[in-house]
Amino acid sequence: MNFTGTPRMATTVNGSLPAPTLRWREGDTITLRVKNRLTEPTSIHWHGIILPFQMDGVPGLSFAGIAPGQTFTYRFKVQQSGTYWYHSHSGMQEATGVYGAIIIDPAQPDSLRFDREHVIQLSDWTDENPMRVLEKLKMRGDYYNHNQPTAVDFFQDVSRLGLKAAVDKRKMWNEMRMNPTDLADLSADVLTYLMNGVTPAGNWTGIFNPGERVRLRFINGAANTFYDVRIPGLPLTVVQADGVNVEPVTVDEFRFGPGETYDVVVQPKDDAYTVFAQAMDRTGYARGTLTTREGLTAAVPALDPVEWLTMADMMGAMGGGSMAGMGHGAMGKASGGSSGPAMAGMDHSSMAGMNHGAMPGMDHSGMAGMAGMNHGAMVAASASSQVRHAKTEYGTSTDMRVDMPRTNLDDPGIGLRNNGRRVLTLADLHTVDGAMDSRGAEREVELHLTGNMERYAWSFDGVEYGRSTPVHFRYGERVRVILQNDTMMTHPMHLHGMWSELEAPDGQFQARRHTIPVQPAQRISFLVTADALGRWAWHCHLMLHMDSGMFREVVVA
């Protein structure tokens, strides 16, 4: 493949990047034969598909993998419909090209009304060997971050805040050894952003006829990139999230991370529109064109400005509480971000090392005995209770802990707050047919998403995968899972084999998901019905985070 002017070797399915789009029908039994023509083992994972664990395609858990020259036959009954995708779960093959779309038509006539559809799969590509990229991050976690605070930023702070506040602010970040612009591990310095395997210069094009309702099936198949997607001049009506129909909500923009899918319906009036997907760190973008005929283009927007992480992104409620709807300037003043001096001289140890809980050594995976509690009351109690950090969080794998996380779902995230556009949030999503299981939780499992940016180590509860023990679910039980993000990065968390039913802070059912983004200093909860026997993977879908340790095994027995 040649995306940058220099030919590089890719890993492909049937010679195609992305891999061929697979079209199935709900209720059918699917047989797929995967022959490995590589010189190394491979695998295919059917992301978000409910199937027997032996067909899930995770080497070491589901099966042994597919050895060079061997063929593995996947066979399972399709139990759902919607937009999904597939990718390798072996080594770095997903980053080098093994990913493709899955479209599953419903058994009954589709309840969504549209005249035409396009699959838009976003991804990212690096000319470097992905293992070499990981090696550089291990040497320096912000190796590819070129949005470092500069002298110009300092003097701008002096003019806004005064000299002492500006010095205190810079001193605070230096003492914490953290970077307020470290929004993504990789940037356009090493990545090329692709839309359906096409560079921005190549301009992927989707055709429509005037007056049509067009369904766009967006899939984030990137290894490392959160994308903020919009089509200037064209409202997006979100009708499906992670393959499941939601109550339609019209927005201008949405953010989604690796693993997530969103279906939107648009009604174009003009001859050409730009489909614009900028990376969260604002260093680059993927783009394409919706048009009535080949050759037409529309203006490509400029990248949005880079925003600094705020203290609320680091500390949750302690750093400013709920941030939804707040202006950037107000937020900075409230939380010590780039627009204000609040907490500027705060000692980092008082923030990251505090432990307000009385049980620091508690095993988060064994909090049973809560059956019979009121569903809403239990969530409220969980959200407001003192945070418990496992004793394993106090090691070299963790450089930060949050003691007062925020629980709101109505924050679009850094760079999207109050940007003048209507931005989708998790609070806007409501699955059409409600929860799959009306039972409340029988017990809770709490895990913290942890990391150390200097060591580039990622983990659950400060324990990387190689040193961890499985999380156990009893077959048939209803479990509340609490995830708390004790890092400064957003993690798209993917639980294989079972649906994650996201809850609102008041305990009401929100939406059915297979991949849930957890923002910095955020604490969320979702319910899982453990209806799938076997061994399953649970991990961050940022490939380098998963590969560096943010991965756990889940055993349902």
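**Close-ups of a predicted model**

**View 1. Serine 123 sits in strand β7.** Strands here are DSSP runs of E with at least two residues, numbered from the N terminus. This is a predicted model, where local features need pLDDT of at least 70, side-chain atom pairs count only at pLDDT 80 or more, and totals for chains, interfaces and linings use all residues. Residue numbers start from 1 along each chain as its sequence is written, and side-chain values use heavy atoms, with hydrogens and water left out. Why is serine 123 called buried? Because its relative accessibility is 1%, and buried means under 20% relative accessible area (1.4 Å probe, protein chains only). Beyond residues up to four places away in sequence, serine 123 touches Tyr99, Thr192, Tyr193, Leu194, Gly221, Ala222 and Tyr227 (contact: heavy atoms within 4.5 Å).

**View 2. Strand β7 (residues 116-125) pairs with β8 in the antiparallel sense.** Four bridges link the two; pairing takes at least two DSSP bridges. Over in β8, leucine 194 is the bridge partner of serine 123. In β8 (residues 192-195), Thr192 and Leu194 point one way, Tyr193 and Met195 the other, and all are buried. Side chains in a regular strand alternate between the two faces of the sheet.

**View 3. The largest cavity has a volume of about 230 Å³.** Of the 22 residues lining the largest cavity, Arg255, Asp411, Pro412, Pro517 and Gln519 are the closest to its centre. A cavity is a set of points, on a 1 Å grid over the protein atoms alone, where a 1.4 Å probe fits but cannot get out; lining residues have an atom within 4 Å of a point.

Methods
Buried < 20%, exposed > 50% of the residue type's maximum accessible area, 1.4 Å probe, protein only. 1 Å grid on protein atoms, 1.4 Å probe; cavity = no way out; pocket = protein on both sides within 12 Å on 5 of 7 lines; lining within 4 Å. Points joined across faces, edges and corners; volume = space filled by probe spheres on them.
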